[in-house]
Amino acid sequence: MDKTHFQLIILGAGPAGLTAGLYAARARMNHLLIEKGAEGGQVLLTDWIDNYPGFPDGISGFELSEKMAAHAKRFELNSMFGNVLSMDLTEPIKRLVLEDGPDLTCDTLIICSGAHPRPLEIPGEKELIGKGVSYCATCDAPFYRNMHVAVVGGGNTAVQEASHLTKFASKVTLIHRRDELRATKILQEKAFANPKLEFIWNSTATKVHGTDGVEALHLRNTDGEESVLKVDGVFVLIGVLPNNEMLPLDLLQADDGGFIPTDIETRTAVPGVMAAGDIRSKEVRQVINAAGEGATAVLAAEQYLTNLS
Amino acid sequence: MASDKINDVSDADFASITGSDTPCLVDFWAPWCGPCKAIGPVVEALADEYAGKVTIVKMNVDDNPETPGKFGIRAIPTLILFKSGEKVDQVTGAVGKAQLIELIEKAL
């Protein structure tokens with residue numbers, strides 16, 4: 001790329017980044033969106049999205065990603081494939097260091113780097129990734145036809161994906177550390193009505209057992225009783241960790257979890273730097289609020305640029 | 001979706017392609033797999049960078065049930081590196097370019 005300076009750089013092409021890209025392109029800002037994989041982000045891990053307005057019949061995560069990308073591209077989104085390794089946000093001109101190619105600079109930056117599934121961090125888990133331990137039910141469910149799998153978690157993702165897994169697996173056991181689910185009521189109703197779905201309450205997974213593949217999951221309940229559940233696979237869906245390895249966390253005043261706090265207009269502690277989507281420090285991580293924050297962030301960037309000039 | 005620029009390998013020609021002295025990286029994917037799509041551009045870039053040194057191909061696990069079963073694949077994307085028909089190592093998930101380079105270099 002010849003050009004290395006932009007008014008606005010958007011980091012990440014999930015729902016927040018793609019919406020920011022759409023708004024930036026329509027505002028005719030001199031912008032660039034950088035994505036290290038494919039457009040969509042974590043939406044690509046979701047089998048079905050039933051709570052994004054405008055799609056009354058629901059839509060697959062895959063299709064929604066494609067539509068969001070196509071929408072931004074219709075307005076001449078300027079995007080590139082690249083991996084940002086680090087950045088310097090101490091000067092008014094922000095500098096991004098990429099894995100390949102020259103450094104890129106910008107006046108404003110919108111961080112939409114997103115999040116990734118949180119691991120259990122128990123013995124055997126890491127060794128058996130791809131051999132029965134999975135963080136993406138949408139990706140791996142078809143490998144468990146007529147098998148017994150466990151899902152660890154109790155939030156929306158865990159409950160929705162447990163239901164999805166029952167389309168393939170003969171039995172799905174959901175393991176949750178509390179005695180009730182956190183997932184939204186309609187997902188709970190569906191799950192409780194599903195004859196293939198069983199629940200183990202008040203229990204945590206302590207060890208994944210297996211040599212060439214997952215053979216069993218060791219559990220401990222709140223009374224301290226230990227048990228072993230024989231399963232062919234374990235899906236770990238216990239929330240997310242921030243994709244923040246490229247960010248100056250002290251400068252951005254990251255919270256204890258490594259997420260980036262912002263004001264209501266998505267402005268971070270660094271002037272001209274906004275954060276939108278799952279990387280933001282917040283309680284609710286939904287496609288709809290990620291998209292909304294992406295739009296807000298571009299308006300905040302425009303305002304910052306106006307005040308500069 | 002894995003990249004269109006990467007050649008497909010099937011159960012039928014798998015042995016002949018991975019049996020070569022030239023190291024071969026196989027990207028196991030399926031059309032319904034989001035992270036497989038996410039890793040596509042990285043695999044494509046590597047195919048360019050290692051052209052002539054490493055053969056990079058992709059296998060659709062929906063169309064080719066035999067090979068993924070043989071290698072115990074239970075998650076995608078999984079990328080397995082072969083040399084002279086032997087498995088050298090593998091990675092699972094939409095890992096970064098650096099991790100894939102680390103994998104590929106094991107056969108060079």
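Colleague: What share of the 108 residues of chain B count as buried, and what makes a residue buried?

Modeller: In chain B, 43% of the 108 residues count as buried. A residue is buried if 20 or more other C-beta atoms lie within 10 Å of its own, exposed if 12 or fewer, and partly exposed in between, with C-beta atoms placed from the backbone. For chain A, 49% of 309 residues count as buried. This is a predicted model: local features need pLDDT of at least 70, side-chain atom pairs count only at pLDDT 80 or more, and totals for chains, interfaces and linings use all residues. Residues are numbered from 1 along each chain as its sequence is written, while chains are lettered from A and ligands numbered from 1 in the order in which they are written.

Colleague: Why is P41(B) called partly exposed?

Modeller: Count its neighbours. P41(B) has 18 other C-beta atoms within 10 Å.

Colleague: Where is P41(B) found, and which residues does P41(B) touch?

Modeller: P41(B) is part of helix α2 of chain B. Leaving out residues up to four places away in sequence, P41(B) touches G37(A), A38(A) and F81(A). Touching here is contact, which means that the C-beta atoms of two residues, placed from the backbone, lie within 7 Å. As for K70(B), it is 29 residues from P41(B) in sequence and 27 Å away in space, C-alpha to C-alpha.

Colleague: How many residues does each chain bring to the contact between them?

Modeller: Chain A gives 23 residues and chain B gives 18. On the side of chain A, α2 (61-74) and α3 (137-140) each supply at least two residues. The largest share, three residues, comes from α3(A). By class, this side of chain A has nine nonpolar, 10 polar and four charged residues. Nonpolar means Ala, Val, Leu, Ile, Met, Phe, Trp, Tyr, Cys and Pro; charged means Asp, Glu, Lys and Arg; the others, Gly among them, are polar.

Colleague: How do you know that the size of chain B agrees with a compact globule?

Modeller: Compare two values. With 108 residues, a compact globule would have a radius of gyration near 13 Å, and chain B has 12 Å, which agrees. The radius is taken over C-alpha atoms, and the globule rule is 2.2 Å times the number of residues to the power 0.38. The C-alpha trace of chain B spans about 30 × 25 × 20 Å along its principal axes.

Colleague: How many helices and strands does chain A have, and why is chain A called as compact as a globular protein of that length?

Modeller: Chain A has six helices and 17 strands. Helices (H or I, at least four residues) and strands (E, at least two) are DSSP runs, numbered from the N terminus. The radius of gyration of chain A is 21 Å, close to the 19 Å from the globule rule for 309 residues, so chain A is as compact as a globular protein of that length. Its C-alpha trace spans about 65 × 40 × 35 Å along the principal axes.

Colleague: In what order do the elements of chain B run?

Modeller: From the N terminus on, the order is β-α-β-α-β-α-β-β-α. That gives four helices and five strands.

Colleague: Why is α2(B) called oblique to α4(B)?

Modeller: The axes of α2 (residues 34-49) and α4 (residues 97-105) of chain B come within 10 Å and cross at roughly 45°. Axes are lines fitted to C-alpha atoms, for helices over the stretch in contact, and angles run from 0 to 180 degrees between N-to-C directions. Under 35 degrees is roughly parallel, over 145 roughly antiparallel, 65 to 115 roughly perpendicular, and the rest oblique. So α2(B) is oblique to α4(B). Contact is made by V42(B), A45(B) and L46(B) of α2(B) with K97(B), L100(B) and I104(B) of α4(B). By class, that is five nonpolar, no polar and one charged residues.

Colleague: What makes α1(A) roughly parallel to α2(A)?

Modeller: The axes of α1(A) (residues 15-26) and α2(A) come within 8 Å and cross at roughly 20°. This angle is under 35 degrees, so α1(A) is roughly parallel to α2(A). P15(A), L18(A), G21(A), L22(A) and A25(A) in α1(A) meet M68(A), A69(A), H71(A) and A72(A) in α2(A). Their contact has seven nonpolar, two polar and no charged residues.
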